[in-house]
Amino acid sequence: MNLIERLSHLDRRVIFLLVAFAVVIPMLQPIGLPIDITKPVKKVYDKIESLAPGSIVLLSTDFDPGSEAELYPATEAIIEHCFRKNLKIYVMGLWPAGSDLGNLALNKIAPRYNKNYGTDYINVGYRPGGAVMLLSLGKNFGDIIKVDYQGTPIDLLELGRAVKSSKNLGLVMTLSAGDPGILHWIIYFHARYGVPICGATTAIMAPQQYTYLGSGQLVGLLGGLKGAAEYEVLVNRKGRASIGMDSQSIVHVLLVIFILLGNIILLHQKGKR
Amino acid sequence: MIFQTIGIWIAALLTLAIYSFLYKDNPFYKIAEYIFVGVSAGYWAVVLWFDFAWPNLFAPLIKQQNFFYLLPIIIGLMMFAPLIPKISWLVRIPLTFTMGVAMALQITQITQGDIFPQLQATFLPFKGVNVYTSITNLIIVIGVITTLIYFYFSKEHKGPLGLAAKIGIWFMMVSFGASFGYTVMARISLFIGRVYFLLHEWLRAI
């Protein structure tokens with residue numbers, strides 16, 4: 001049996017093991033492969049940089065623990081950038097667990113910048129209703145949001161009182177893992193009220209968003225863990241996304257080798273027939 | 001602190017139990033799978049009650065004595081009408097209502113927020129821009145037109161129409177390839193996230 005025939009009968013568990021090694025080893029012994037900044041990510045950074053101090057960013061955490069690996073690093077990086085720029089953050093979630101994940105990041109980063117709940121940031125929790133809710137929200141926040149995530153009346157919070165309608169927002173940043181999510185913000189909120197939208201999505205969703213980047217409906221985009229890693233580089237932050245990029249690159253090379261090998265084996269078998 | 005440690009151990013062991021399926025199906029995987037299904041069902045039951053039903057329906061009805069809210073309850077209950085054959089026709093009322101609202105929303109907003117801006121984005125200049133932009137714009141326009149031609153089924157795809165449809169297929173293939181690449185990247189990212197959790201939070205190796 002020659003090498004190609006042996007490879008064609010390779011146990012798939014060997015491939016799983018190789019992928020596991022390709023992920024674990026670079027994490028234990030980082031190589032430090034370069035992370036290039038792409039245009040859509042730079043546009044998100046530039047947009048946040050262009051906002052005047054005190055502007056309000058609505059951070060919509062539209063994801064859950066299933067996509068935490070891809071979107072949580074972006075959440076931390078964006079919050080850190082906003083606080084550095086002295087922007088105010090208004091967190092809400094179109095997914096039930098989203099606002100809790102937003103809280104996790106806020107509680108970690110806010111103390112570092114001496115930011116206070118109620119004045120510098122608030123979390124109004126999970127807001128169900130998708131498209132219908134977003135259409136009403138832009139007109140009058142008071143119709144939809146009466147209390148924050150802890151049940152505190154929104155009028156008792158300084159930032160809660162400051163946001164009456166979409167006109168008070170400088171930017172909507174959605175961290176989106178599906179439906180409802182980024183498309184709702186673009187099609188329903190941006191189209192009706194004109195507030196600029198930036199997004200961070202799971203890698204699976206990223207290709208679909210390029211049409212909206214091209215049309216200008218979306219200002220910028222962080223696609224998957226790679227997008228988050230690029231953002232961490234821009235804000236000079238060594239986070240989870242950057243740590244994972246060596247593994248990501250090596251596994252991609254490994255997968256390309258597997259695809260090439262698979263095709264060589266296929267051609268060989270066809271030739272024999 | 002102790003609860004956090006217990007939580008990390010449970011999460012780590014469940015992660016390993018799920019990944020053990022890659023070797024072969026086993027009882028540890030089954031236990032983790034059943035726990036996940038049970039916890040998810042419980043979680044959604046709580047969310048549906050406390051975030052949907054109670055604040056939007058039952059709280060205004062019971063606390064504020066707003067009896068207008070009986071109407072959505074009655075319409076909602078009609079969804080169960082097919083369980084009783086004699087009054088099964090009642091299900092048409094909530095379905096019609098839901099379809100009407102959804103159609104109104106979709107038609108106005110999809111047109112305003114999706115179709116028109118996307119169409120507008122394909123009206124691109126070839127003159128008065130640099131060569132790179134001009135070529136990019138040309139590719140976008142050809143891509144849109146040829147892909148649309150592929151989905152034109154009223155005439156047989158022969159001659160120039162067939163050629164255009166074939167070019168459309170190539171554009172779609174490139175798009176599918178990009179989507180597949182991103183999908184692979186997403187799956188590896190999720191695995192990286194789990195490995196990071198095991199090495200950082202659980203084993204404290206990094």
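Tutor: Start with burial: a residue is buried if 20 or more other C-beta atoms lie within 10 Å of its own, exposed if 12 or fewer, and partly exposed in between, with C-beta atoms placed from the backbone. This is a predicted model, where local features need pLDDT of at least 70 and side-chain atom pairs count only at pLDDT 80 or more, while totals for chains, interfaces and linings use all residues. Residues are numbered from 1 along each chain as its sequence is written, and chains are lettered from A and ligands numbered from 1 in the order in which they are written.

Student: Why does L135(A) count as buried?

Tutor: L135(A) has 20 C-beta neighbours inside 10 Å. The definition asks for 20 or more. So L135(A) counts as buried.

Student: Where does L135(A) lie, and what does L135(A) touch?

Tutor: L135(A) lies in helix α6 (residues 130-139) of chain A. Helices (H or I, at least four residues) and strands (E, at least two) are DSSP runs, numbered from the N terminus. Not counting residues up to four places away in sequence, L135(A) touches Y188(A) and R192(A). Contact requires C-beta atoms, placed from the backbone, within 7 Å.

Student: What makes the largest nonpolar core a core?

Tutor: A nonpolar core is a set of buried Ala, Val, Leu, Ile, Met, Phe, Trp, Tyr and Cys residues joined through C-beta atoms within 7 Å. The largest has 82 residues, and those with the most contacts inside it include V44(A), A74(A) and Y90(A). Helix α4 (residues 68-84) of chain A gives the most to this core, with nine residues. Leaving aside neighbours within four places in sequence, A74(A) is in contact with residues including L175(A), A200(A) and L222(A).

Student: Why is α4(A) described as largely enclosed?

Tutor: Of its 17 residues, 15 are buried, so α4(A) is largely enclosed by the rest of the structure.

Student: What makes β4 and β5 of chain A a pair?

Tutor: Two strands pair if DSSP finds at least two bridges between them. Strand β4 (residues 171-176) and strand β5 (residues 197-201) of chain A have five bridges, in the parallel sense. M173(A) stands opposite C198(A) in β5(A).

Student: Which strands stand at the edges of the sheet, and why are they edges?

Tutor: The open sheet has six strands in the order β3-β2-β1-β4-β5-β6 (chain A), with parallel pairing. β3 (121-126) and β6 (220-223) of chain A each have a single partner strand, so one side of each is left without a neighbour in the sheet.

Student: How does α4(A) run relative to β4(A)?

Tutor: α4(A) runs at about 160° to β4(A). Axes are lines fitted to C-alpha atoms, for helices over the stretch in contact, and angles run from 0 to 180 degrees between N-to-C directions.

Student: What does chain B bring to chain A?

Tutor: 34 residues of chain B are in contact with 38 residues of chain A. On the chain B side, the largest share, 17 residues, comes from α6(B).

Note on methods
Two residues are in contact if their C-beta atoms, placed from the backbone, lie within 7 Å.
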